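Colleague: I am new to reading protein models. Could you take me through one, feature by feature?

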Amino acid sequence: MAGDGSLRQEVHRPGAFKQSNKEHKTGRHRSKGGLERERRGRVSVKVSSKKLRKVLRKHDRRHQALQIRQQKREAVLSEKRSLGTQDGPPHLVGVIVLHSGTSGQNVMRLIRTDETSSVYDLDGSGERFGLVCPRFKQRFSFIRVNSGDIHAVLDLAKVADTLMLVLDPYEGWDSHGDFCLSCLFAQGLPSHVFVVQGINDLPVKKRTDAKRSLTKMLERRFLDAKLFHMDMEQDAALVIRHIAMQKQRHLAFRDRRSYLLAQQVTFEASDRSGLVGTLKVSGYVRGHPLNVNRLVHLVGHGDFQMQQINGPPDPMPLNPKTTKKRESMTMSDPCAEMEEDLKVLMKADPRKQESLESEVVPDPMEGEQTWPTDEELQEAEDTLKVSRKIVRKVPKGTSDYQATWILDDEEEEEEEEESDEDMEKNEMMGETVSQASEESDCEEEADEECETMTIPESIRDDHYDEKIDEEEEMMLLEKYKQERMDEMFPDEVDTPKDVAARVRFQKYRGLKSFRTSPWDPKENLPRDYARIFQFQNYSRTKRRIFREVEEEEEGAMPGWYVSVHIGNVPVSLTESFKPEVPLVLFTLLPHEQKMSVIHFLLRRHVSNTEPIRSKEEMVFHCGCRRFRAPPLYSQHTAANKFKYERFLHCNTTLVGTVYGPITFSPASVLMFKQRVNGTHDLIATGSVLKADPDRIIVKRIILSGHPFKIMTKTSVVRYMFFNREDVLWFKPVELRTKWGRRGHIKEPLGTHGHMKCLFDGHLKSQDTVLMNLYKRVFPKWAYDPYVPSPVPWERTESTVNVPEIEMD
């Protein structure tokens, strides 16, 4: 306030101490404001197009969803309408009887007695016939197989559009019928319908109970199952109508392939010896178009090349007018039918035809090297000097990677693997012999006691003993003991006393960490790896092949009746045909004829409790293939190394590894074991994982020792080794205990294998000291594509007859 009475405003002036706010830290990425300042209003093309795709109104989104739903519905309806019509193949129905006390002849007879339909006999036996129904404007092909032959059942289910499962009115299905259902579930069950005969023959008071019990049995395994009675012709018409109208189920392994069921098969010798010739297979094309340049696989017989595809007249036309016109043309011009029969649709092009090469012929000189240069010699000398310095600090014969423990001799590796198995068997040999002697004494005592029994019981016991194989019983007992020991003491082995541990386990190495320690997948590979193929990127190759197959339109279209000429077929193949097994033909995708290392995801079937050891020979049904091979089991984890499993454990998903032809997933896998009497037992089910030779399967062994003297963190351990040289050899390997302690060998004591060890904590006297050693294992090359048919479970009154082979 001034003295003159005027007002003066005070202005705020900042002081010397200023406040500085902390800047916002955006981390590794830039902030939104920084990005906007860099762009200066510019928008990239990708961002603008993405915004245009995302920004849709509610009405537009509803309209888009409606269009997608209509497209899917139209695709399903078009597939249903094409099946069984003039433009599509006949509706293939497979009849399978699930009970030994029920016969399928009455079912086939009732289906044939429809007066409004035309019946075409395909083989003259009545077990394979075609049915043309003008009332439904569809045509059907019925085939019945012997349910006792599991190969025939699975082969029919591979190509059938619908399975007609015949049940017993009292029990539904028996034990073998349940076995067939389990196999069909694992492979992929197509559309199905359940039929029962004999309900009307039951007393009136028992009909309701029988229907209720069968319905409950079906509901346990089939949620949407409907039971049909077939005692009269009207019932058969209802079943056929249901088959024609029901929704079709897809099988993954046949969605991208073309396939057909052989209706006529002839063989023409191509040389004077008659050992090799051309096989002519006639049938309806199904699935994708049949390209003559592709390879074909005859299920159970091998891979072959096609020479040409002919278009003979359709033996089962849907339109009768076409048949009359054709007859009139034939009467006027007798050469017209011959020209139509000789119509050639496609011929193989040698430039585009795929090769049958399945293995790589290894070059023995491929591994040879030229004379090293001066730089390479100098580098080798420097490396040798460094290694000499390392040798002075660690025991002789070891290194950081311990690669010197693995030899290149394949024969020694096989002998060593056999010695591993022999050693594990000999560990319990003393106990087995003692128990066997006790059991033999018990059997002698039991025989002495059985002298007082009656004659019928003794005869019954004698027959029971005749069916038992003593050697098989002893081998099974030995397997049970080994599996139990593996569960109680996993991977633990005893150090041999007569052989030095550094010699016995010279191919094993120690790892700092099983998960993170490096392991070169190309190191010390067996010679069999020179014969196989490998993808640079399996997933990318599979996607490319599937995309090419979807876009391919060249070839015989689905629904055409064709005659496929397969060249270079040995005459022995025609002799191996069996009338009860249908002949099925599948086309192979590119590279599926080549051999590689195939991995399967397997899970033990609940019905099997027998111990299954690794490298036991098994029978595989993989997609459309059937072969024999000994699998190698390993854990299924997310890692770069996978632990080898000696047994196929229950309630666990494991990976089975074999040498076999490449099969692209998805494809189902069934694993059977063939008994001595010829029957097959279902062991495991699963799917194809991938083809990858670089998958590292590591076998682990554990050497155990016992603390002798304990001084806080230091302890004297014995019984792990039995000489001083072994202690020095395995000194770099880390130790661990069952109670979680970790340590290492400090120095050997004496000459009897005692050693002083240092741990990271106080060691308990009850603890056990362990040493983990690892070795990579590979499957055995024992691939056999020819699997004989199993012994039938039961004999039915009649079987299916495949057309006979005509020798020209």
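This is a predicted model: local features need pLDDT of at least 70, side-chain atom pairs count only at pLDDT 80 or more; totals for chains, interfaces and linings use all residues.

Colleague: Which peptide bond is cis?

Modeller: The bond from Ser665 to Pro666 is cis, with omega near 5°.

Colleague: Let me step back to the whole chain. How many helices and strands are there in the protein chain?

Modeller: The protein chain has 19 helices and 32 strands. It has 808 residues, and 45% of them are buried. Now look at contacts between residues at least 6 apart in sequence. Of these, 79% join residues at least 24 apart.

Colleague: How do I read the packing of two helices? At what angle do α5 and α6 pack?

Modeller: Find the two axes, then take the angle and the distance. Helix α5 covers residues 150-159 and helix α6 covers residues 175-187. They pack at about 40°, and their axes are 10 Å apart. That angle makes α5 oblique to α6, because angles under 35 degrees count as roughly parallel and those from 65 to 115 as roughly perpendicular. The crossing of the two helices is right-handed.

Colleague: Which residues in α5 and α6 meet?

Modeller: From α5 come Ile150, Val153, Leu154, Ala157 and Lys158. From α6 come Phe179, Cys180, Cys183, Leu184 and Gln187. By class, this contact has 8 nonpolar, 1 polar and 1 charged residues.

Colleague: How many residues of α5 are buried?

Modeller: Buried means under 20% relative accessible area. In α5, 10 of its 10 residues are buried, so the helix is mostly covered. Among them are His151, Asp155 and Lys158. Look also at the start of α5. There, a side-chain oxygen of Asp149 reaches to within 3.2 Å of the backbone nitrogen of His151.

Colleague: Now single residues. Is Met230 buried or exposed?

Modeller: First place the residue, then check its accessibility. Met230 is in the loop between β7 (227-229) and α8 (233-245). Its relative accessibility is 0%, so Met230 counts as buried. Next, list its contacts, leaving out residues up to four places away in sequence. Met230 touches Val107, Leu110, Val195, Val196, Gln197, Asp235, Ala236 and Val239.

Colleague: How many residues apart in sequence are Met230 and Val195?

Modeller: They are 35 residues apart in sequence. In space, C-alpha to C-alpha, Met230 and Val195 are 6.5 Å apart. Gly750 and Asn723 are 27 residues apart in sequence and 8.4 Å apart in space, C-alpha to C-alpha. At 44% relative accessibility, Gly750 counts as partly exposed.

Colleague: What about a residue in a strand? Where does Ser141 lie?

Modeller: Ser141 lies in strand β4, residues 138-144. Ser141 is buried, with a relative accessible area of 5%. Leave aside its neighbours within four places in sequence. The contacts of Ser141 then include Pro90, His91, Leu92, Val93 and Gln263.

Colleague: Which backbone nitrogen lies 3.5 Å from a polar atom of the side chain of Asn608?

Modeller: The one of Glu610. Asn608 itself is in the loop between β18 (595-604) and β19 (618-622). Asn608 is buried, with a relative accessible area of 7%. Setting aside neighbours within four places in sequence, Asn608 is in contact with Arg675, Leu682 and Ile683.

Colleague: Last, backbone angles. Which residue has a positive phi of about 55° although it is not a glycine?

Modeller: Read phi together with the residue type. Asn568 has that value. Asn568 is in strand β16, residues 561-570, and is exposed, with a relative accessible area of 58%. Tyr719 is not a glycine, and its phi is positive too, near 70°. Tyr719 is in the loop between β27 (714-718) and α19 (724-729). With a relative accessible area of 44%, Tyr719 is partly exposed.

Notes. Residues are numbered from 1 along each chain as its sequence is written. Side-chain values use heavy atoms; hydrogens and water are left out. Axes are lines fitted to C-alpha atoms, for helices over the stretch in contact, and angles run from 0 to 180 degrees between N-to-C directions. Helices (H or I, at least four residues) and strands (E, at least two) are DSSP runs, numbered from the N terminus. Angles under 35 degrees count as roughly parallel, over 145 as roughly antiparallel, 65 to 115 as roughly perpendicular and the rest as oblique. A crossing is left-handed if the near helix is turned anticlockwise from the far one by less than a right angle, and right-handed if clockwise. Contact means heavy atoms within 4.5 Å. Ala, Val, Leu, Ile, Met, Phe, Trp, Tyr, Cys and Pro count as nonpolar, Asp, Glu, Lys and Arg as charged, and the others, Gly among them, as polar. Buried means under 20% relative accessible area, exposed over 50%, partly exposed in between (1.4 Å probe, protein chains only). A polar contact is a pair of N or O atoms within 3.5 Å; within protein, one must be able to donate a hydrogen and the other to accept it, and residues adjacent in sequence count only if both atoms are side-chain atoms.
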